[in-house]
Amino acid sequence: MAALSYNFSLACSLVLILISPSTAKTSFRPKALVLPVTKDSSTLQYVTEIKQRTPHVPVKLTIDLGGRSLWVNCDEETYKSSSYKFAPCHSAPCSLANARICWDCFSEPRQFCQNRTCNILPDNPIRGIFSNGPVSMDVVSIQSTDGKNPGKVVSFPQLLFVCASFDLSDLAKGVTGMAGLGRAKISLPSLFSAAFSFPRKFAICLSSSSKANGAVFFGDGPYVMLPDVDVSKSLTYTPLILNPVTTASISLFPEPSSDYFIGVKSIKINGNVVPLNTSLLSVDKKGFGGTKISTVNPYTVMETSIYKAFTEAFIKELANVPRVKPVSPFGTCFSSTHIGSTRVGAAVPQIDLVLQSSRVIWSIFGANSMVQVKDDVLCLGFVDGGVNPRTSIVIGGHQLEDNLLQFDLATSRLGFSSSLLFHRTTCSNFNFSSHA
C-alpha cells in the first residue's frame, strides 16, 4: 500500500507547485499561521473561519482533527468565485489527493460538475456519512503569527480543497464545511507547512468558553498565552501511532487512518490502576481498538467494558459524595453541593492516562473530567461507546479544553501540556487583539 509510506519530498514538491508563495501577492514568508477557534454552545463543535474565493468571503468551518482535507459545500447559488479551479484527471492535485478515478457528470457539465475531473469522498464524521466531490482549488487567506500575536495576512492562490455536497443540518449554525487537520497529504497542516517551508507541526488549544476564542497554530512554537506564558516550554511527549486501516466512513482504496492515535497503556484514578482488558488499548491488524484524539466528539467515548470499569473505579474513589440520577448523555452524576473546587476545577479524583512508561502521564483534573449539567449536578464527562466500537477510547473535546496539544508530523510525536490552569492561563488567552 503506497499510501502507508508515501514519499513526502514528492508530496512537498507537488504542494509547492500548487500553492508556492512565489505566486502569492507578497514575498513575506511566515514562520507560523494562526486561526481563532470558537466553541459553539449549541452543537459543542469547534468552529473557525477562513477567507476564501474571489472576491473574499468568510467561510465558517467545523474543526475535524482527524479529517484528511478541507471540504466546503459548493453550489451555484452560494459559491461564487472567479478564481475557482477544478483538478483535471491525472494532474498534480489529483496525485497529491490520491484521487485515482476520473469522473464524468451524470447530466450536462456545469460549474461544479465537469467531465474528466478527479473526485474523492469527503467525510462528515459527526453524522458518519460521506459525499463525493471534485478536487478543487481556490484563493484562501489566513493570518500569520510570531507565536505571541497575529501578524500579516498571507494569501494562498490555489489552496486545495474538496467541493462537497452535504446536508449541513448537523453542523453549527453558519458552518459550510470542515477543516481537516489529519495525517494526510491534503490536510491543512500538510499544505500550509509545505507551502511556506515551516516545520510540519501544528497545535490546538481549545477554549472551554463559547464566549472566548481558542486557537489553532500551524508551525512551531512559541505558543504564548497571556500573561506571557509560552506553553510550548512545558510539554510532555508521546509517540503518535499510525492506524494502518482507515477510520473514515468509506474509502475507495486501502489507506491508513488520518486520525491521531496514542498509546494508552493503562488508566489510573487517584493513583489506582483501573482493571480492564488491556488488549483493547492496542490497534489490531484490522484497525480496531486503540485510543485516538477527536475534536468532533464532545466528550470522551469508551468501549462498554472499559467504561464500566472506569466509572466503577471513579465512583469508588468518590464514595463520600451522593450520586444523583444520570443526565444524558452521561451515566454517572453527583450532587455538586458536596464537591469543592480547586484551581483546576472540581475537587474530584485525578484521572491519569498512562502512556509509553509510568513516568509519561496525561493527567485529567476536574475542569476536564466533570460537566456541570445543573446548578447542583456534576456529571463525569465520559460516555459509553457500546460493544465492539471501531476505536476503544476516543478522547473528546471536553477533555482537550485548556490543554495545548502539539502534533509533530515529521517525527510522529504528540506534545501535551495537561491543564493550562496550573500555569494560571487558559486557551482563550492568546492575544488576538494586538498585532505583531
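Q: What kind of model is it, and which pLDDT do local features need?
A: This is a predicted model, in which local features need pLDDT of at least 70 and side-chain atom pairs count only at pLDDT 80 or more, while totals for chains, interfaces and linings use all residues. Residues are numbered from 1 along each chain as its sequence is written, and side-chain values use heavy atoms, with hydrogens and water left out.

Q: What is the mean pLDDT?
A: The mean is 92, and 94% of the residues reach 70 or more. pLDDT is the predictor's confidence in each residue, from 0 to 100.

Q: Where does pLDDT stay under 50?
A: Over residues 1–17, with 26 contacts beyond four places in sequence, and over residues 19–25, with 13 such contacts. Contact means heavy atoms within 4.5 Å. Where pLDDT is low, the predicted coordinates should not be read in detail.

Q: On to helix H3. Is it buried or exposed?
A: Nine of the nine residues of H3 (residues 188–196) are buried, so the helix is largely enclosed by the rest of the structure. Buried means under 20% relative accessible area, exposed over 50%, and partly exposed in between (1.4 Å probe, protein chains only). Helices (H or I, at least four residues) and strands (E, at least two) are DSSP runs, numbered from the N terminus.

Q: Which residues of H3 are buried?
A: Among them are Leu-188, Pro-189, Leu-191, Phe-192 and Phe-196, along with Ser-190 and Ser-193.

Q: And what comes just after H3?
A: Ser-197, which takes a positive phi of about 55 degrees.

Q: Change of topic: strand E34. How many of its residues are buried?
A: Six of the seven residues in E34 (residues 413–419), which makes the strand mostly covered.

Q: Which strands are joined to E34?
A: E17 (residues 236–241) is joined to E34 by four bridges, and E33 (residues 403–408) by five. Both pairs run antiparallel. Two strands pair if DSSP finds at least two bridges between them.

Q: Which residues of E34 stand opposite Tyr-237 and Leu-405?
A: Tyr-237 faces Gly-415, and Leu-405 faces Phe-416.

Q: How many residues lie between the strands in the hairpin of E33 and E34?
A: Four, and in this hairpin Ser-412 takes a positive phi near 55 degrees.

Q: Where is Pro-298?
A: Pro-298 is in the loop between E21 (291–293) and E22 (300–302). Its relative accessible area is 29%, which makes Pro-298 partly exposed.

Q: What does Pro-298 touch?
A: Leu-44, Gly-396, Gly-397 and His-398, not counting residues up to four places away in sequence.

Q: Last topic, cavities. What is the volume of the largest cavity?
A: About 50 Å³. On a 1 Å grid over the protein atoms alone, a cavity is a set of points where a 1.4 Å probe fits but cannot get out, and a pocket is an open set with protein on both sides within 12 Å along at least five of seven lines; lining residues have an atom within 4 Å of a point. Grid points are joined across faces, edges and corners, and a volume is the space filled by probe spheres set on the points.

Q: Which residues line the largest cavity?
A: They include Thr-291, Met-302, Phe-382 and Gln-399. E22 and E32 (393–395) each supply at least two residues of the lining.
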